[in-house]
Amino acid sequence: MNLKHFFLFLILLLLLFTGLLLYFTLQQGAVAFYIAEGAVIISVITLAVFYKRIVKPIRTLAQGMDMLKMQDFTQRLKTIGQKETDTIAETFNAIISRLREEQIHTREQEHFLNLIINNTSTAIILLDGNNKISFLNSAATTLFGKDVVSKGLSEINTPVAKILSSVAPHSTITLPTNTGDLFRCTHETFMDSGYAHHFFIIENVTTEINNAQRTAYEKIIRMISHEVNNSMTGILSTMQMLEEICHENNKLSYFEEPIDACINRSTQLGQFLSRIAQVVKIPDPKLRSCNINDCITQAVTFVKSEADNRNIDISIHYSAESIIKGIDIDLFQQALINILRNAMESIDKNGKISIDFSENHIFITDNGKGIDAKIAENIFRPFFSTKKGGQGIGLMMIADILTKHGFKYSLATNPQTNLTTFAIYI
C-alpha cells in the first residue's frame with residue numbers, strides 16, 4: 001500500500017469515526033455534539049496539513065525519481081510552497097537542466113563522430129566479444145562488402161581480411177596487395193562495460209608511399225644519369241678514337257674486339273638509364289574519346305610477330321558493342337603491349353593468351369608459369385623483378401600509366417586453374 005492509498009484509508013476511517021461520534025453525541029446533548037463537531041474539524045484540518053507537508057513533497061520527489069529512471073530531462077518539478085521542498089525541487093531542476101544540456105551535447109558529438117566515421121576514406125572495423133564484425137563504416141564496406149557483419153575476419157575471402165586476423169593487438173603493419181595498393185593496418189582495443197573490444201583501422205597509403213618512393217628514386221636516377229652520361233660521353237669518344245687507331249694499325253688489331261665490346265656495353269648502359277628515365281618522366285595522360293576495341297586490336301597487332309615466333313596464340317573476345325572511353329591512346333597502348341609481352345615471357349613458347357573485355361574491365365589471361373601469392377604482393381613495387389637480370393621497370397611503368405588514368409588493376413594466378421590474369425577495371 002503506497003502513501004496515497006494509506007492516506008485515503010485514514011480519511012475513510014475518520015469519516016466512519018465522525019459518523020459514529022456524531023450519532024452518539026446527538027444522544028448526549030447539544031454541548032457534547034458541538035465538542036465532537038469541533039474535534040472532527042480539527043482532525044480534518046490536521047489531515048490536510050499532513051497531506052500538504054508530508055505526502056505531497058514525497059509524491060513530488062517520487063515524480064523526480066521516475067524522470068531520472070526514464071531519462072526524461074525535458075520536464076521539471078513544480079514548487080509546492082514549502083521552503084525545504086521547493087529548495088530540493090529547484091536544485092533538482094538545475095541538475096535536470098544540466099543533464100539535458102549534456103545529453104544534447106553528447107548527441108551532437110555522436111552525430112558529428114558518425115559523420116566523420118562514415119565519410120572518412122579510412123576503413124574502420126569493430127569486433128564484438130566473440131571476435132565477429134559488429135560494425136564497419138562506408139570505407140570498410142567498400143573494401144570488404146556489405147554481407148560481412150557477424151562474420152569473423154578469417155571467414156572473409158579477401159587478402160586484407162586474412163592478414164588482419166593475424167595482426168597482434170596494439171600493433172601496425174603495412175600490407176601490399178596484388179592490386180598495387182598499400183594498406184596501413186592498425187589493431188587496437190577499447191574498454192566497454194568492463195570488457196576489451198577489438199577494432200581495426202585500415203588506411204590506403206598507396207599514394208603517400210608511392211609519391212615518397214618516386215621522389216626518392218627520381219633524385220637518385222637524375223644524379224646517376226647526370227654523372228654516368230657525363231662520364232660515358234668522354235669514355236665513348238675515347239674508345240671510338242682508339243678503335244679507329246687500332247683499325248688503321250694492324251699491330252693493334254688485337255685490341256679492336258675488346259674495345260668494341262666496351263663501346264657496346266657503354267651504349268647499353270646509356271640505353272638502360274634512358275629507359276629508367278622514361279619511366280620517371282611518364283607524362284600526364286591527355287584524355288580523348290577512343291574506341292577500346294581498336295586500341296586492343298592495334299596492341300595485339302604490334303606483338304603478333306613475336307607471338308607467332310613463340311607459337312603463342314592470342315585470342316580476343318570483343319564486346320558486342322564498341323566501347324568508348326577517355327584515354328591517352330599512346331600511353332594506354334604502351335601499357336597493353338607491356339602486359340602482353342610479360343605474358344609471352346611467362347609462357348616462353350607454345351601457349352595461349354586470352355583477352356576478354358567489356359564496358360567495365362579488360363582481362364588478359366595467360367597459361368604461363370604463374371605468380372606465387374607472396375611474390376604477387378610485391379610485383380608492383382619499383383624495380384622489383386623475379387626475372388634473371390630484370391630491372392623491374394615494365395610493371396612499374398604499367399602501374400603508373402593505369403594509375404594516371406584512374407583505372408584499378410590487379411595481377412594474380414588462380415591456384416585451381418594455374419591461369420594468370422592481369423585485370424584492368426575501366
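Tutor: C185 is buried, at a relative accessible area of 1%. Buried means under 20% relative accessible area, exposed means over 50%, and partly exposed lies in between (1.4 Å probe, protein chains only). This is a predicted model, where local features need pLDDT of at least 70, side-chain atom pairs count only at pLDDT 80 or more, and totals for chains, interfaces and linings use all residues. Residues are numbered from 1 along each chain as its sequence is written, and side-chain values use heavy atoms, with hydrogens and water left out.

A disulfide is a covalent bond between the sulfur atoms of two cysteines. Here the term requires a pair of cysteine sulfur atoms within 2.5 Å. Searching the whole structure turns up zero disulfides. C295 is in none, and its nearest cysteine sulfur, on C290, lies 7.0 Å away. C295 counts as buried because its relative accessible area is 0%.

Now the sheet. Strands of a sheet pair through backbone hydrogen bonds, either parallel or antiparallel. Five strands make an open sheet with mixed pairing, ordered β7-β9-β10-β12-β11. From one strand to the next, the twist averages 10 degrees. Axes for such angles are lines fitted to C-alpha atoms, for helices over the stretch in contact, and angles run from 0 to 180 degrees between N-to-C directions. Strands (E, at least two residues) and helices (H or I, at least four) are DSSP runs numbered from the N terminus. Two strands pair if DSSP finds at least two bridges between them.

Follow β10 (361-366). Six bridges tie β10 to β12 (420-425), and the two run antiparallel. Across that pairing, F363 partners A423, and I364 partners F422. β9 (351-357) also pairs with β10, antiparallel, over five bridges. Three residues separate β9 and β10 in a hairpin.

Last, the surface. M65, L68, I95 and L99 make a nonpolar patch of about 330 Å². Both α2 (30-69) and α3 (83-119) give two or more residues to the patch. I95 sits in α3. I95 is classed as partly exposed because its relative accessible area is 46%. Patch residues have over 30% relative accessible area and no salt bridge; like charges are joined within 9 Å, nonpolar side chains (Val, Leu, Ile, Met, Phe, Trp, Tyr) within 5 Å. A salt bridge is a side-chain nitrogen of Lys or Arg within 4 Å of a carboxyl oxygen of Asp or Glu. Accessible areas come from the Shrake-Rupley method with a 1.4 Å probe, and for residues only the protein chains shown count as cover.
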